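User: I'd like to learn how to read a model like this one. Can you walk me through it, feature by feature?

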Amino acid sequence: NGTNNGEITLHRLGKKRVQLDVFEDNDAGAMLLLGINDSVNVIAGSSSNGSRGLLSVNDSLGNKAVELIADESDAGRVQVNDASGNQTIVLQGASGLVQATTVTQTSDARLKRNITPQSGALEKILKLQGVNYTWKSDEYNINHIGFIAQDIEKVIPEIVETNEYGF
């Protein structure tokens, strides 16, 4: 798929090495690969038309562990993947949206202002159904307690956001 234009070993100390590789990928464009001990790769580059910038950190199997993307549609997107390449955390720079399987958010009154009572709050809360669940992607089957977003959206739609993939 791509052509390798050369490899430069920048530093070698025993079995440890740092390698610099410049190549062109037919789909992605010009890329710069920084390899460390055959276990971690950092790839930086841009698309062939220059509309997309990329910084990716890969593990020894080539899986993307962390990916920073800047382009016209996903300006400032940061993505963290698990060892299987599944997205675990996505930060959308343009919208400020954070997606993750679990998020802890600070709710301390000392950090808030313009606090006003919510009318009908108890009635809304009583309509929600708490659930126990495990994530489909969790190989350890860890039990969680929470809510289903689609159920919350029916009662309090202003606190639920859906991305372009329907999540």
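User: What share of the residues in the protein chain is buried?

Analyst: Buried means under 20% relative accessible area, exposed means over 50%, and partly exposed is in between (1.4 Å probe, protein chains only). Here, buried residues make up 18% of the chain's 167 residues. Keep in mind that this is a predicted model, where local features need pLDDT of at least 70, side-chain atom pairs count only at pLDDT 80 or more, and totals for chains, interfaces and linings use all residues. Residues are numbered from 1 along each chain as its sequence is written, and side-chain values use heavy atoms, with hydrogens and water left out.

User: How many helices and strands does the protein chain have?

Analyst: Helices (H or I, at least four residues) and strands (E, at least two) are DSSP runs, numbered from the N terminus. This chain has two helices and eleven strands, and along the sequence they run β-β-β-β-β-β-β-β-β-α-β-β-α.

User: Which residues lie nearest the centre of the largest pocket?

Analyst: A pocket is an open set of points on a 1 Å grid over the protein atoms alone, where a 1.4 Å probe fits, with protein on both sides within 12 Å along at least five of seven lines; lining residues have an atom within 4 Å of a point. Nearest the centre are Ala100, Thr101, Trp135, Ala149 and Phe167, out of 38 lining residues. Strands S8 (87-92), S9 (97-100) and S11 (144-146) and helix H2 (149-155) each give at least two residues to that lining.

User: Which side chains meet in a salt bridge?

Analyst: Side chains of opposite charge can pair when their charged atoms come close. The cut-off: a side-chain nitrogen of Lys or Arg within 4 Å of a carboxyl oxygen of Asp or Glu. The structure holds one such bridge, and its partners are Arg110 and Asp108, at 2.5 Å, N to O. Arg110 counts as exposed because its relative accessibility is 72%, while Asp108, at 26%, counts as partly exposed.

User: What is the phi of Asn114?

Analyst: Most residues other than glycine have a negative phi. Asn114, however, has a positive one, near 55 degrees. Asn114 is in the loop between S9 and helix H1 (121-126).

User: Is Asn114 buried or exposed?

Analyst: Asn114 is exposed, because its relative accessible area is 71%.

User: And where is Leu91?

Analyst: Leu91 is in strand S8. Its relative accessibility is 35%, so Leu91 counts as partly exposed.
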